[in-house]
Amino acid sequence: FGCGGCRDTGKRPLMGKIAHDKSDVVFVTSDNPRTENPDVVIDDIVSGFSAELYEKFQVDKELGLHWLQDIHNLDPVYIPETTTRRWEKFKYIGNRSRAQYLQNAVRRYVVQERYYAIRLAIGMAEEGDAVVIAGKGHEDYQILANDDYQAVKSWFDDRVESYAALQEMVKIQAAGWRTDELPWTWGKPELPIDPDDIE
């Protein structure tokens, strides 16, 4: 689910809290961001998640890794590495991999692209699960900002995308892909797909 951009910001963390408290798995995505930055809308939503969620990974917070965001928006981070020399060496932290690991650990995912979020949520579902795709209902469009920061409607229908995702998941899972967590893997669990390779 997501929340509309350029609309009531006060309800976003409340909706995040309800989704967090009532769901086993949550995907936060874009609804109709309009001309508002989708990342800001998503940040408002995930701020409603339990404080314990953030405290669980306090070390990542101290390193400046804001891991509850779309992994495709994360840049590499370099942190000081302890050294006896006068200068500091820096080591690379794989932000995307680490953020995805943490999102898997708590089953809370941020995927800004709604099309992709629907496919991932349906792909992750198992027999007996219910997938709720909330927010847009009967609408067959999404309101996004164009290059001139004007709100424009583009075609998007949750119903059509969900049906297409169901058809694709049957093929993907039949081919032996594991879709129970991100990134999806093929064959042996120890051979994951690098998230950087599936943008």
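Leaving aside its neighbours within four places in sequence, which residues is lysine 136 in contact with? In this predicted model, lysine 136 lies in the loop between α6 (114-124) and β5 (141-145), and the residues it contacts beyond those neighbours are Asp31, Asn32, Arg114, Tyr141, Gln142 and Asp158. Lysine 136 has a relative accessible area of 2%, and because this value is under 20%, the residue is classed as buried. Tyrosine 141 is approached by lysine 136 in two ways: the lysine side chain reaches the backbone oxygen of tyrosine 141 at 2.7 Å, while its charged end sits over the tyrosine ring, 5.4 Å from the centre. The charged end of lysine 153 also sits over the ring of tyrosine 141, at 4.1 Å from its centre.

Helix α2, which spans residues 38-46, has Val41, Ile42, Ile45 and Val46 as its buried residues. Seen down the helix axis, these buried residues fall within an arc of 130 degrees, and they therefore line one face of α2. The elements against which they pack are α1 (11-22), β1 (26-28), α3 (51-56) and β4 (108-110). At the start of α2, a side-chain oxygen of asparagine 37 comes to within 2.8 Å of the backbone nitrogen of aspartate 39.

The count of aromatic pairs comes to one. In this pair, the ring centres of phenylalanine 27 and tyrosine 109 are 4.8 Å apart and the ring planes lie at 20 degrees, so the pair is stacked. Because phenylalanine 27 belongs to strand β1 and tyrosine 109 to strand β4, the pair ties together parts that are 82 residues apart in sequence. Both phenylalanine 27 and tyrosine 109 are buried.

Definitions and conventions. Residues numbered from 1 in each chain as written. Predicted model: local features only at pLDDT ≥ 70, side-chain atom pairs only at ≥ 80, totals over all residues. Heavy atoms only, no water. Buried < 20%, exposed > 50% of the residue type's maximum accessible area, 1.4 Å probe, protein only. Helix = DSSP H or I, 4+ residues; strand = E, 2+ residues; numbered from the N terminus. Arc of directions from axis to C-beta. Contact = heavy atoms within 4.5 Å. Polar contact = N/O pair within 3.5 Å; in protein donor to acceptor, adjacent residues only side chain to side chain. Phe/Tyr/Trp six-rings, centres within 6.5 Å; stacked < 30°, edge-to-face > 60°. Lys NZ or Arg CZ within 6 Å of the ring centre and 35° of its normal.
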